[in-house]
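Work through the following exercises with the coordinates at hand, and compare each step with the solution given.

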Amino acid sequence: MGAKTLQYILKRIGLALLTIWVVITVTFFVMRVVPGGPFLGEKAISPAAQASLEAKYGMDKPLMEQYFTYLKDVVTELDFGPSLKQRGRDVIDILVDGLSTSFKLGVIAAFGALVVGVVLGSVAALKRNKLIDKCIMVVTTAFVSMPSFIMGSLLLVVFAVQLKLVPGNGSTPAGLILPVITLALYPMAYITRLTRSSMLDVLGQDYIRTAKAKGVSGPKIIFGHALKNSLLPVITYFGPMFAYIVTGSLVVEQIFAVPGIGRAFVNSITNRDYPLIMGTTIVLATLIVVMNLVSDILYKVVDPRITLE
């Protein structure tokens, strides 16, 4: 690893830490200025009981003291505090439970979308303007245009309610089939179109024509030159997309009742569970920042000509 590459990585890590700190700070103070509070939903709660609850969770202290205490606990102990609504449970335990499901769901959907998208995009590029290319473009355009909540609802009604082929509840292994398909369809369609466009551009380059003139075999040209160089835009997209899917699509997890981090995040906002909102926000931001960093570093692996600055 060169000195410039190491310097770039260290600089990006520093920027990543700064970004996460900004997310923590903005989220913390925005929640405190929003009218209302986490205990206002309690039935017939008295001012004395509310004051007692605020004292129990340290919310009676000055705002800046709460902020620095929270920041210190997160940085030094990875302690997000206790949940205000799920009594007796720490936020970190809720996040671990949710991530275990969302990560499994997201990894399958993300890599499935990557493999299928690259294959379909390559086929469409190699068969440009033929029937199979037109069919692939029509289908992927439909998937890109259709929101996830419509696609999820459609799959749920057809395959779970009408045909009864798979369960509609995502709390069982078989019930994760439809959520995985729903999460994978949009990125698969986008990667297909991205790969096709990029490969068509690469196939028109001079070095490809030179390789053909020298008698290099078709498969070697495609897999050794064209496909490798056409993956750069896909890598750019895949990093943030992977982080988004792993953290769980909020809508998809709600539709299929998947007990993931996305559903926990929605419930935390509804219940005004401040520590859980903070924890899920930090996890989401961290994954997105890390995957962006990994994507940039992978540029260098795929194409050594790229200079990291």
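Rings of Phe, Tyr and Trp (its six-membered ring) pair if their centres lie within 6.5 Å, with planes under 30 degrees apart counted as stacked, over 60 as edge-to-face and the rest as tilted. The model is predicted, so that local features need pLDDT of at least 70 and side-chain atom pairs 80 or more, while totals for chains, interfaces and linings use all residues. Residues are numbered from 1 along each chain as its sequence is written, and side-chain values use heavy atoms, without hydrogens and water.

**Exercise 1.** Count the aromatic pairs and classify the one formed by Phe28 and Tyr70.

*Solution.* The rule gives eight aromatic pairs. For Phe28 and Tyr70, the centres are 6.1 Å apart and the planes lie at 35 degrees, and the pair is therefore tilted by the definition above. Phe28 belongs to helix α1 (residues 3–33) and Tyr70 to helix α3 (residues 63–77), 42 residues apart, helices being DSSP runs (H or I, at least four residues) numbered from the N terminus. Both residues are buried, that is, under 20% relative accessible area with a 1.4 Å probe, protein chains only.

Notes
Helix = DSSP H or I, 4+ residues; strand = E, 2+ residues; numbered from the N terminus. Buried < 20%, exposed > 50% of the residue type's maximum accessible area, 1.4 Å probe, protein only.
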